Amino acid sequence: MNKQQIRENVKMLRRCLKITKSAEKQHTKRQIAQRVPSVLQEYLHIFITMKIIDMVITNEPCWDIILFTVITGFMELLLFCIRHGINRGYNCRDFSLKQNKQRMLWEKLLHMDYVHLENPETHIQYQRAGNGMDRLDSVLFNLADAAEGLITAAVGLILIAPMAFRGTSELTGLWGFINSNGGLFLVIFLAALLELIRALVPNKKALKYMAVINNDRDILQYERTAIYYDQDVRRNYRNGKDIRIYAEQEMILGEYQRNTDSWLGEWEKGIHKVCLANIGIYAITLLSNLLMYSFAVARAIAGTLTVGEIIGFVMYFSRIRTGITGVAAGIGEMSVNQDYIRYALYFLDIPDEKYKGSIPTEKRDDNEYEFEFRHVHFRYPGSEQYTLKDVNLKWRIGEKMALVGKNGCGKSTLIKLLCRLYDPTEGEITLNGIDIRKYQYEDYLDLFSVVFQDSGLFCFSMAENVAASADYDSKRVTDCVIRAGLGERLNKMEQGIETCLYKNFDEHGVEISGGEAQKLCLARAIYKGAPFIVLDEPTAALDPISEHDIYTKFNDIVGTRTAVYISHRLSSCRFCDEIVVMDDGSVVERGSHNALLDRGGVYKTLWTAQAEYYKDTAGDLYS
C-alpha cells in the first residue's frame with residue numbers, strides 16, 4: 001500500500017466517522033464503552049473458575065471458598081449489569097443509527113437531479129449504496145474490534161505470565177524446551193502467526209468474495225426483479241382483480257421463480273469460492289487449537305501447572321489467541337468493508353449537474369409570466385436521437401394552449417424541459433426574457449402546477465395528498481376538492497379530508513377510482529395556486545365526454561392563469577386559444593381549431609381520423 005492509498009483510506013475513515021456521528025452522535029462512545037466490561041468479565045470468569053478448582057483440590061476451608069465465591073461472583077454480576085446496561089442503550093440507538101443512515105440515502109434519491117432518477121443504473125447504484133451504508137459504521141466497529149483484541153491479548157499475557165514463566169530447570173531435551181521461557185515464546189509466536197494468517201489470508205479472501213457477490217450487477221438486477229414481483233405485484237392488493245380475471249398467477253409465479261433461480265444460481269457460483277476459503281479458515285483454527293492444547297498438556301505432565309491452572313492456562317491462552325484474531329480480523333475486515341463503503345460514498349457524491357441558478361423569480365400578483373422556447377433541441381442521456389428538434393414556442397400571458405400530436409412526438413418531453421426536470425441539449429428556454437437556468441431552481445419550480453399522465457397519490461390522508469404537506473389549510477383543501485368535482489364523494493367520508501387513501505396501512509382507508517384519483521391530482525394542482533398550469537394527458541383512461549367535462553371545469557378554475565393542455569383527443573382541447581401540433585419532435589402547425597382544419601395539414605389528418613369516434617361516443621357534443 002503506497003502513501004497515496006494510505007491517505008485515501010485515512011480520508012475515507014474520517015468521513016465514515018463523520019457520517020456515523022451525524023447519524024447517531026453517541027455511537028462512537030457506546031462502541032468503546034461496551035468493550036471494556038466485556039473483556040474484564042471474561043477474564044474474571046476464568047480467574048474465578050481456576051481458583052475455585054484449586055481451592056477445592058487443596059482442601060481450603062469451606063468458608064474461605066464461599067467468601068471468595070461471593071466476592072468474585074458479586075464483581076462478575078456487577079460487570080454483567082454494566083455490560084448489559086451499556087448494550088441495551090447501544091442496541092436501542094443502533095436502530096436509530098440504521099434508520100438515519102437509510103434516511104441519508106432517501107434524501108439523496110429524493111433530491112438528486114431527475115435525469116439520474118430515470119436512469120436504471122442509478123437504482124443499481126442505490127442498492128450497492130444500501131449495502132455500503134450498512135457497513136459504514138463497521139469501520140468504527142472494526143477499529144473497536146482491533147482495540148479490544150489488543151487489550152484482550154495484553155491482559156491475557158499479564159494474567160498468564162505467572163504460570164507461563166514458572167518453568168523448571170530439571171527437565172532436559174524436548175520436555176525441557178517446552179517448559180522453558182523459550183518454548184513459551186515460540187508457542188505464542190506460532191499461535192500469533194497462525195491467527196494472522198487466518199485473518200489476513202483465507203478470512204480476508206472469503207470476505208472479498210462476499211463483497212464481489214453482494215455488489216455484482218447481475219445479482220443486484222435479479223434481486224431487484226424478484227423484490228418487484230414480491231412487493232409491487234404480489235403484495236399490492238389492487239393487482240388482485242386483474243390477476244384473477246386474466247389468470248396471471250402462473251405467469252407471475254413463473255417470472256418470480258425464474259429470477260429467483262437466476263439470483264440463487266449466481267450466488268452459488270460465488271459461494272463456492274467462499275466455501276473454499278472457509279476450509280482454509282477451519283484448518284488453521286484446528287491447527288491453532290491443537291498447538292494450544294498440546295502445550296498445556298505438556299506443561300501439566302511436567303508438573304508445572306495445577307489442575308485449576310491447566311484450565312486457566314488453556315482459557316487464558318484461548319483469550320490471547322482471540323485477541324490476536326480480533327486485531328488481525330479488525331484490520332482485515334476494515335480493508336474489505338472499504339469496498340462496500342466506496343459504493344455508498346460514490347452514491348452520496350453523485351453530483352447535481354443541473355445549475356441551480358441564483359436569480360429569484362419575480363412574485364407577480366398579475367401572474368404576468370411569459371415563457372419562450374428558442375431553438376430548443378433535446379436528446380435523452382445516452383441516446384443519439386433527438387427527441388425535440390428546433391422547437392420555438394411562446395406562451396402569451398393568460399393563454400390557454402393545447403399541445404397535440406401522436407405518441408412519442410415529444411409533448412411530455414417538452415413539459416419536462418419547461419419544468420427543468422431536464423435542461424435543453426441546445427437552445428434555451430426563457431422566463432420573461434431570462435434563461436430559466438439562471439433562476440433559483442426551487443423558486444422556479446414554485447411557478448408550476450403539473451398533473452402528469454402518471455401522477456400518483458400516496459397512502460396519506462386526502463388532505464396531505466392535496467396539500468402535498470403535513471401542514472395544510474383545511475378549508476382551502478376542502479374547497480379545492482369540491483372545485484375539482486369530488487364534493488359528493490367527500491360528503492360520504494366520515495373522516496372527511498382526514499380520510500386515508502387506500503388500505504395499505506389503514507383499515508378505514510378508502511379505495512378511489514382512476515377518475516377520482518385524477519380529480520384529486522387536479523385538486524392538488526389547484527391548491528398549489530401556481531401561475532402556470534399543465535395537464536399532461538391525465539385523463540387518457542377516461543372517455544371523451546368525461547375528459548371534456550374535466551378540461552372544461554378546470555378551464556374555469558384556471559381563470560387568467562397560463563395553462564397548457566396535452567391530449568390525444570383533439571376535441572377536448574377545442575376551447576383553447578391556440579393549438580400547437582407536434583410531429584417527430586418538431587412544431588409543425590399552430591393556430592385555432594378552425595384555422596388548422598382549413599389549412600388541411602397534420603391536424604386535419606388527426607382530426608378526421610378521430611371524428612367518427614367522437615361522433616359515436618359523444619353524439620353531437622362536439623358538432
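**A pair of packed helices**

Modeller: In this predicted model, helix 18 (residues 474-491) packs with helix 19 (residues 514-528) at an angle of about 155°, and their axes are 8 Å apart. Angles over 145 degrees count as roughly antiparallel, and helix 18 and helix 19 are therefore roughly antiparallel to each other. The crossing in which helix 18 passes helix 19 is right-handed. On the side of helix 18, the contact is made by Arg476, Val477, Cys480, Val481, Arg483, Ala484, Gly485, Leu486 and Arg489. Helix 19 contributes Glu516, Lys519, Leu520, Leu522, Ala523, Ile526, Tyr527 and Lys528. Sorted by class, this contact of helix 18 with helix 19 comprises ten nonpolar residues, six charged residues and one polar residue.

As to confidence, the chain has an average pLDDT of 77, and 83% of the residues score at least 70. Within the chain, the highest confidence is found in strand 1 (residues 371-378), at a mean of 93, and the lowest in helix 12 (residues 240-245), at 61. Over residues 617-623 the pLDDT falls below 50, although this stretch has 13 contacts in the model beyond near neighbours in sequence. Where pLDDT is low, predicted coordinates should not be read in detail.

Strand 1 also takes part in a salt bridge, of which the structure holds ten. Glu372 pairs with Lys394, with the closest N and O atoms 4.0 Å apart. Glu372 belongs to strand 1 and Lys394 to strand 2 (residues 388-395), so this pair ties together parts that lie 22 residues apart in sequence.

Conventions: Residues are numbered from 1 along each chain as its sequence is written. This is a predicted model: local features need pLDDT of at least 70, side-chain atom pairs count only at pLDDT 80 or more; totals for chains, interfaces and linings use all residues. Side-chain values use heavy atoms; hydrogens and water are left out. Axes are lines fitted to C-alpha atoms, for helices over the stretch in contact, and angles run from 0 to 180 degrees between N-to-C directions. Helices (H or I, at least four residues) and strands (E, at least two) are DSSP runs, numbered from the N terminus. Angles under 35 degrees count as roughly parallel, over 145 as roughly antiparallel, 65 to 115 as roughly perpendicular and the rest as oblique. A crossing is left-handed if the near helix is turned anticlockwise from the far one by less than a right angle, and right-handed if clockwise. Contact means heavy atoms within 4.5 Å. Ala, Val, Leu, Ile, Met, Phe, Trp, Tyr, Cys and Pro count as nonpolar, Asp, Glu, Lys and Arg as charged, and the others, Gly among them, as polar. pLDDT is the predictor's confidence in each residue, from 0 to 100. A salt bridge is a side-chain nitrogen of Lys or Arg within 4 Å of a carboxyl oxygen of Asp or Glu.
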